[in-house]
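Subject: Structure handover

Hello,

Here is the structure I promised to pass on. Please open it and keep it in view while you read my notes.

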Amino acid sequence: MPKHLISFQLYSARNFPPLETVLEGLAKIGYDAVEPYYPLYGDDAAGYRAKVDAAGLKTPTFHAPLDGVTGDTARFIDIAKTIGAHTIVIPYIGADDRPTDVDGWKKLGETLAKTAGTAKAAGLGLGYHNHDFEYATLADGSRPIDHLIGNGVASELDLGWVARAGKDVAPEIDRLASEIIAFHIKDIAPAGTTAEDGWADVGQGTVDWAGLWPHIAKAPKAGVLVAEHDNPADWKRFAERSFAAIKSFAV
């Protein structure tokens, strides 16, 4: 299988500006790419691209808001092409915007599939990044994730959130393997840990990465591994430890 790009979700360093310093640091550590969040690139996509290029990094995937992607698709297609991304990823659905029943999730899935068709016509992919609520059981026994992925909508599977949802991670990877275009590599702190919102640097937490790697490696379209931590006290510590851990198991 081709070598995975090792990427860094820039949301993990949002509290540690300036961006240029973070990008330079990531390049020195050895990262191949970064994944920006909205609105980091929103007001000046070309300026963002220049900073990433100067650091010698790439932006294969980027996070973009649901309402923007579905309501102003052309704008985000233009942004994708400007920053050099191949896939637009919807990162989250706010609590007030989540469907409340099976039909609602099915309709949202149809909307995403239609948007994915528009993106595909422009030579791009559309992906969806999960949290834990997409794994709740609905009235008919299905889960929201079952209605959101497929029909052209890819998965950026966040393994930390799958684990936090109480699911056995390996079978969930296998279930979506053919639809996954990237993984969020996110670790969970030991039970009882409240610091840093209960997340850990990759390799410092409870996720069995060595055990999951054979499943990750079998996903045929997943060419990007994105290190993420929602609230690290030190972005560089997280970046360094996580890069080393990913290199150790992603063989």
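Below is what I found, grouped by topic. Keep in mind that this is a predicted model.

**Aromatic pairs**

How many aromatic pairs are there? The count comes to 13. One of them is Y11 with Y37, an edge-to-face pair.

Y37 has 18%, so Y37 counts as buried. The cut-off for buried is under 20%.

Now look at W209 and F249. The ring centres are 5.6 Å apart and the planes are at 10°, so this pair is stacked. This pair also links distant parts of the chain. W209 is in helix α9 (residues 209-217), and F249 is in helix α10 (residues 235-249). They are 40 residues apart. Both W209 and F249 are buried.

F8, Y31, W235, F238 and F243 form it.

**Charges over rings**

Go back to Y11. The charged end of R14 sits over the Y11 ring, 3.8 Å from its centre. Then find F133. R98 lies over the face of F133, at 3.6 Å from the ring centre.

**Two helices**

Take α2 and helix α4 (residues 73-83) next. They pack at an angle of about 25°, and their axes are 9 Å apart. That angle makes α2 roughly parallel to α4. The crossing of α2 past α4 is right-handed.

**Cis peptide bonds**

Which residues does a cis peptide bond join, with omega of about 5°? They are P17 and P18. P18 sits in the loop between β1 and α1. Another cis bond joins Y38 and P39, with omega of about 15°. P39 is in the loop between β2 and α2.

**Positive phi values**

N151 is not a glycine, yet its phi is positive, near 55°. N151 sits in the loop between α6 and β6 (153-158). Its relative accessible area is 71%, so N151 is exposed.

D197 is not a glycine either, and its phi is also positive, about 60°. Look for D197 in the loop between β8 (187-188) and β9 (199-200). Its relative accessible area is 45%, so D197 is partly exposed.

Start with D140. It is in the loop between β5 (125-129) and α6 (144-148). At 47% relative accessible area, D140 is partly exposed. Its side chain makes a polar contact of 2.6 Å with the side chain of S142. How far apart in space are D140 and D96? They are 22 Å apart, C-alpha to C-alpha. Along the sequence, 44 residues separate them.

Next is P91, in the loop between β4 (87-90) and α5 (102-121). Its relative accessibility is 19%, so P91 counts as buried. The C-alpha atoms of P91 and S142 are 21 Å apart. These residues are 51 apart along the chain.

Why does H184 count as buried? Because its relative accessibility is 0%, and under 20% is buried. The side chains of H184 and D158 are joined by a polar contact of 3.4 Å.

**Where to begin**

Then move on to the stacked pair of W209 and F249.

Best wishes

Conventions:
Residues numbered from 1 in each chain as written. Predicted model: local features only at pLDDT ≥ 70, side-chain atom pairs only at ≥ 80, totals over all residues. Heavy atoms only, no water. Helix = DSSP H or I, 4+ residues; strand = E, 2+ residues; numbered from the N terminus. Buried < 20%, exposed > 50% of the residue type's maximum accessible area, 1.4 Å probe, protein only. Polar contact = N/O pair within 3.5 Å; in protein donor to acceptor, adjacent residues only side chain to side chain. Phe/Tyr/Trp six-rings, centres within 6.5 Å; stacked < 30°, edge-to-face > 60°. Lys NZ or Arg CZ within 6 Å of the ring centre and 35° of its normal. Axes fitted to C-alpha atoms, helices over the stretch in contact; angles between N-to-C directions. Parallel < 35°, antiparallel > 145°, perpendicular 65-115°, else oblique. Left-handed = near helix turned anticlockwise from the far one by under 90°.
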